[in-house]
Amino acid sequence: MELLFNLTLNGLATGMLIFLLAAGLTLIFGLMDVLNFAHGGLFAWGAYSGIWIYSTTGSFIIGILGAILTGFLLGIITEKWIIKPVYGNHVQQILITLGLMLVLSEMLKVIWGPNQLSANPPDYLQGSWEIGGMIIIKYRVFIIFVGFLVFAGVQYLLKNTKIGLVVRAGVMNKEMVQALGINIKKVFMFVFMIGSGMAALGGVLFGPYSGVIHAGMGMEFAILAFIVVVIGGMGNFTGSVMAAILVGLSGSFMAYYVPELSLAVNMLLMAVVLIVKPQGLFGGKG
Amino acid sequence: MKSMKWIVNNRLNTIYILIAAFLILLPFVYESRNMLILLTQIFVFAILAMSYDLLLGFTGIVSFGHAMFFGIGAYSIGIFMKRFEPTMLHFIYAVGATILITAIVSFIVGLLTLRLKSHFYAMLTMALAGLFLVLAEKWRTLTFGNDGFTFRVPEVFIDRTNFYLICLAAMIATFMILKRFTNSPLGRVLQAIRENEQRTESLGYQVLHYKIAASVVSGVLAGIAGIFYAMSLRYVNTSVFAMDITLDALLMTIIGGVGTLVGAIIGAGLIEFAHDGLTELAKEHWIFERWIIFFGIIYILVVIFFPLGIVGTLKNFTWRRKKQHPVKKKENLAG
Amino acid sequence: MSVLLKLNNIETFIGQYHILQGVSLEVKKGEVTVLLGRNGAGKTTTLRTIMALNPASKGSVVFRDQEIQNLPTYTIAQRGIGYVPEDQGIFAGLTVEENMKVAMQKDNEETHKRLDYILNLFPDLKKFWKKPGGLLSGGQKQMLSIARAYVNENELLLIDEPSKGLAPIVVEKVMESILQMKEQTTIVLVEQNFMMASTIGDCFYIIDDGRTVSNGTMKQLKEDEEMKRKYLGIA
């Protein structure tokens, strides 16, 4: 019972981290038709910058805010100088974002050195609670909480604000949004920024969760995020959270029972989705 | 017009033959073990890059997991040579196994994703390559995990000069096969797909079949490149499945020039020479240890400003001088 | 009457296809100008070129005495041109309310007045206010699309084949509403349904093979059997 509970909690926490990465990916794709292969790089940058600020200032909160800010800034730069020049050409876009991924990962090594850095949760998030004989690790609960908060926040933004409406409308019909007098390029920039910020937040939360961060983590998580985006439906925000939890849970349980197959099971899931329902389990715009 | 083209082609062919002759004679006149090894490496990667070019340049498919096929080839030969006697027979078995596995994998990937938008293929190949990497790490009884293993090779391949010539021959053969292939009716359909998939479809071609065919041929050739790579090192470890290999193939193809085949060879030469030079420079200053960063930046600039690469840009330039129709920028990289 | 919109020798390419090869027309303020012509003649592209959705490669588009052909689509819309595309361009996953909200550029009294007016004109929209746009009937979608274009203080509406695919009774309803809106705005209408075109239209342009080949008042066209047969296939 305790095992099941902890595996579930672990899966949910991992799922939330993947969600933070996948949500931006899916929104950017939905609106701009750009699949950003550099998104994992923003995740890693969030981790490094956030953990660095955290260890210099001693405040985890400032570290998190710093990471999000880094994500925003990198997002803006990426959109402006990397994505915009090749807008509308799919192949060039795919190629260029991968190039950016390369540069981002290597830059991390230039700035912070090629070795992995360690990271620990702040005092108030260390340790665990014991409820009814079950041990609950605080930091995992914290990640789930933050993930849920972000999900609720973005959901609110999408449902109840004008810009959120425009984003949803843009996913469905970009041309018409412009014909109604809205500058979609500004919306692109905004969404790219938010998506990058979420990825960076995921990165910095991941640091104390795993204990160490390294430059290759961006790529590893990006692959999971791609799987999530395919399963959840490209461009489908709510789909991405469901799929992320699914992938997180399956990863957590498989890692315990049949560790060799944990990535394989997720891949298999993705392959099945591609065959049966390429628009994703929860619908999307393929 | 036709005679003109023939003259141009003829001159080009003469240049190719001269270069080939030069490369064949090189080991007999210039004895440098390092140079020999470097050139061998270039030939091997040229095969990989050309196989990549068939996808990206000629069909407009982006693969981010080409290392997977390369790695399958490398591990096939390694396992056969290690488990059994390093004889020609087992070499042939290894080649057979490589062809079989790469063909099956590329066929399945193609079947799953090529009817969808281009990023699905990129995504699935990337994820699958990650899976193979994990497989190679975890299946220790077969792969010895991360450390990898050394193995012996059949006698013919032991001598460095011999091996150099064999790799050169393999590269030339690949070049000629792909040249033939891309100029064949099938290859023309592939290029039509790259330029306008819907139009090709509406002309009655089963676009999916052609794309899968390109995917399979490319996968098999990348596997062959992997075989030669592992044999040149007589050692194989999980790095053959790493993203770096895919990135190398990408860089070589993009920088050399997509859709030209020669570009892939030139790209392979440039990148391998640069690797070599930058590794030397790394002893002088640590920043050169991170040479990938330079490649990355150059790569991004090339994609934005010279999407045709070196060969494509040159071609465009000379054509314009002759006041003929330049290759349109869009056409070579159109999605 | 003053000229609100003027197209001077517009040429437009879509990909490599030369779709418009010389479209010139004038739209007078307060009138309904109908674009007629065969399928594929370039009527829809003409509207899309005005909105810069398919930008012109040659020629000029003058709206309220200013050239707009080089402006981005959203600026053109902001300057006061509303667009109702052939496929209506409804945001299927958004409710009727949300569709309208996306369209409302300003949140002032005037816009709300216009919203009230148009909802009175199309009571169905009010009835299905919270229903996703994708679940509306074809006629309701058409109404929603027109309402979206109307709700801003647009001086000009471009409406592309509002009768397409609708039942005759619904066509009549849409037609009536356009007739009402005509009192307040200038309209360019692409219409194949000659009954509708001739009832609403004040003047016409015929586009054939990407060129404007003929124009005049609707009255002239009704009497010109030769022209109707030649370009419109009506005997």
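Here is a quick tour of a few contacts in this predicted model.

Let's start where chains A and B meet. Chain B puts 34 residues into the contact, and chain A puts in 35 residues. On chain B's side, the elements giving two or more residues are helix H4 (88-113), helix H5 (118-138), helix H11 (243-256) and helix H13 (291-305) of chain B. H5(B) gives the most to that side, with 11 residues.

Next, a helix pair inside chain B. The axes of helix H2 (residues 33-59) and helix H12 (residues 262-282) of chain B come within 8 Å, crossing at roughly 135°. That angle is why H2(B) counts as oblique to H12(B). The crossing is right-handed. Among the residues making this contact are B:Leu38, B:Phe45 and B:Ala46 of H2(B), with B:Ala264, B:Gly267 and B:Glu272 among those from H12(B).

Here is how the residues at these two places split by class:

Setting aside neighbours within four places in sequence, B:Ala46 is in contact with B:Met171, B:Ala264, B:Ile265 and B:Ala268. B:Ala46 also turns up in the largest nonpolar core, which has 262 residues; it is listed there with A:Ile18, A:Ala225, A:Val228 and C:Leu158 as having the most contacts inside that core. The largest share of this core, 16 residues, comes from helix H1 (residues 2-32) of chain A.

Key. Residues numbered from 1 in each chain as written. Chains lettered and ligands numbered in written order. Predicted model: local features only at pLDDT ≥ 70, side-chain atom pairs only at ≥ 80, totals over all residues. Contact = placed C-beta atoms within 7 Å. Helix = DSSP H or I, 4+ residues; strand = E, 2+ residues; numbered from the N terminus. Axes fitted to C-alpha atoms, helices over the stretch in contact; angles between N-to-C directions. Parallel < 35°, antiparallel > 145°, perpendicular 65-115°, else oblique. Left-handed = near helix turned anticlockwise from the far one by under 90°. Core = buried A, V, L, I, M, F, W, Y, C linked by C-beta atoms within 7 Å. Buried ≥ 20, exposed ≤ 12 C-beta atoms within 10 Å, placed from the backbone.
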